[in-house]
Amino acid sequence: MTAVSGPRLRTAPAARGTGNGVTRWLGLLALVTVAVTAWLGLSYTPPDATQGQLVRLIYIHPAAATSCYVGFGLCALASVAYLWPRTRSRRWDRLAAASAEVGLLFCVITLATGSIWGRGSWGVWWTWDARLTLTALLCALFIGYVAVRRTGGDPEVRATTKRAARSFGSALRETFRDVSSEVERAFKEPAEK
Amino acid sequence: MWRDAALVGGKDLRVEWHSRVAAMQVAPYAVVVLLLFGFAFDQDHALLTQAAPGLFWVAVLLSSLLAVQRSYAIESSDGARDGLRLTGLDPAGIFLGKAAAVAAQLLLLEVLLGFGVVVLFGTRLHDPALLVVSALAATVGLAAAGTVYGMVASGLRVRETLLPMLILPVVAPVLLGATQCWMAALGSARTDGWKWLSLLAAFGAIYTALGVVSFSTLVEET
């Protein structure tokens, strides 16, 4: 075997991953705290006097809902930062994409745990309550968002159009927030026949 | 801007007029959807009359997807989109023209479906003014939102399946508001329809404004 002469071909450096010391420690810490929380929630704490075992869902549900809103909020902020010419940077775009995915995961968890809890305490899997319905719509919006992001294409182009799509979503949410009480009333008091 | 809008809108409507796709495919599709609703409710007349406003708007929503898809399909062949980009027309004008053409087709479709609802479901008219005004406002919202998202999806490989996923959740307020307005207008429930009209008007105004502002970016980058 003879060695290849000439300058060595520069191959792309092997993917080094995105982790560093801090994120590795954070991940480890997260694993430990999740385990502790699971132990606390499932065996250490007693069942609730009125709700029984159902109360254990409350250890997950609000936390998941908060994470979902934080993720979607971050996505909106990062999207605005990307669209704003002065702060345009791919970092914002990547942050928006990542937080949308995380938010979507927690949104699904929120809906699932809420539905199980509702079945146990209200006797139904789903009620057409305004907040529930809007959360489901939000989930659908972000499924669309993530789907658009996964279609590939030039990242720069993709980012701009999707940021635009994203800001429409936010605008819709704002519209919704304004009429939310109206919608809520409509759902709560079905129109008199 | 207005001149460009008239040019693009006129072009789209002429294409539809000559190809007859909207008339021969989208409109029959909408009527078939109405018929299927009748089967789904087991021809229960009382139930159908009561649910007519919601069913009507679901049928319009589903048809609007086809109309939007069609509106961008005519741009995708023979590199027509590049041509449109190179004409130097004002992007806001392109948006308004395309949205207006979609809205015009939807309005015709709504008239047809309206007859369908009256004939098939046996509804009665209570407040014609509210009926017409809310239909106009809802159509503007549907056409504007549809045109914006149609443009977002038009450059992508999987646009046929992606478009419904993008549009349907977004136009949920239109379905909600228009159904409430029509329930009041058809007298099937005593809701204050005019209050819901403001939601429709706000939705239409917001999406028209966003489309006008953002369409230059969307046209360039998809």
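This is a short tour of a predicted model, with stops in chain B and then chain A.

**Stop 1: helix α1 of chain B**

Select residues 2–19 of chain B. That is α1(B), with 18 residues. Its first and last C-alpha atoms are 25 Å apart, close to the 26 Å expected at 1.5 Å a residue.

Now colour B:Ala5, B:Val8, B:Gly9, B:Asp12 and B:Glu16. These residues are buried. They sit on the same side of α1(B), because they cover an arc of only 95° around the axis. What do the buried residues of α1(B) pack against? Show α2 (21–40), α3 (45–76) and α5 (91–121) of chain B: those are the partners.

Turn to the face away from the buried side. Exposed residues here are B:Arg3, B:Arg14, B:Trp17 and B:His18.

Step off the end of the helix. B:Arg20 follows α1(B), and its phi is positive, near 60°.

**Stop 2: the largest nonpolar core**

Stay in chain B and select B:Phe56, B:Ala145, B:Tyr149 and B:Leu200. The largest nonpolar core has 88 residues, and these four touch the most other members. In soluble globular proteins, nonpolar side chains tend to be buried together.

**Stop 3**

Move to A:Leu40, in helix α1 of chain A. Is A:Leu40 buried or partly exposed? A:Leu40 counts as partly exposed, because it has 13 C-beta neighbours inside 10 Å. Draw a C-alpha to C-alpha distance from A:Leu40 to A:Cys107: 23 Å in space, for 67 residues in sequence.

Next, pick A:Pro47. This residue lies in the loop between α1 (21–44) and α2 (61–83) of chain A. A:Pro47 is exposed, because 11 other C-beta atoms lie within 10 Å. Beyond its neighbours within four places in sequence, A:Pro47 is in contact with A:Gly52, A:Gln53 and A:Val55. Now draw the C-alpha separation to A:Gly17: it is 43 Å, across 30 residues along the chain.

**Stop 3: confidence in chain A**

Colour chain A by pLDDT. The average is 77, and 70% of the residues score at least 70.

Select residues 1–9 of chain A. pLDDT stays under 50 there, and the model has zero contacts beyond four places in sequence for this stretch. Then select residues 186–193 of chain A. pLDDT stays under 50 here too, but the model has 10 contacts beyond four places in sequence for this stretch. Where pLDDT is low, the predicted coordinates should not be read in detail.

How values were computed. Residues numbered from 1 in each chain as written. Chains lettered and ligands numbered in written order. Predicted model: local features only at pLDDT ≥ 70, side-chain atom pairs only at ≥ 80, totals over all residues. Helix = DSSP H or I, 4+ residues; strand = E, 2+ residues; numbered from the N terminus. Expected span 1.5 Å × (residues − 1). Buried ≥ 20, exposed ≤ 12 C-beta atoms within 10 Å, placed from the backbone. Arc of directions from axis to C-beta. Contact = placed C-beta atoms within 7 Å. pLDDT = per-residue confidence, 0-100. Core = buried A, V, L, I, M, F, W, Y, C linked by C-beta atoms within 7 Å.
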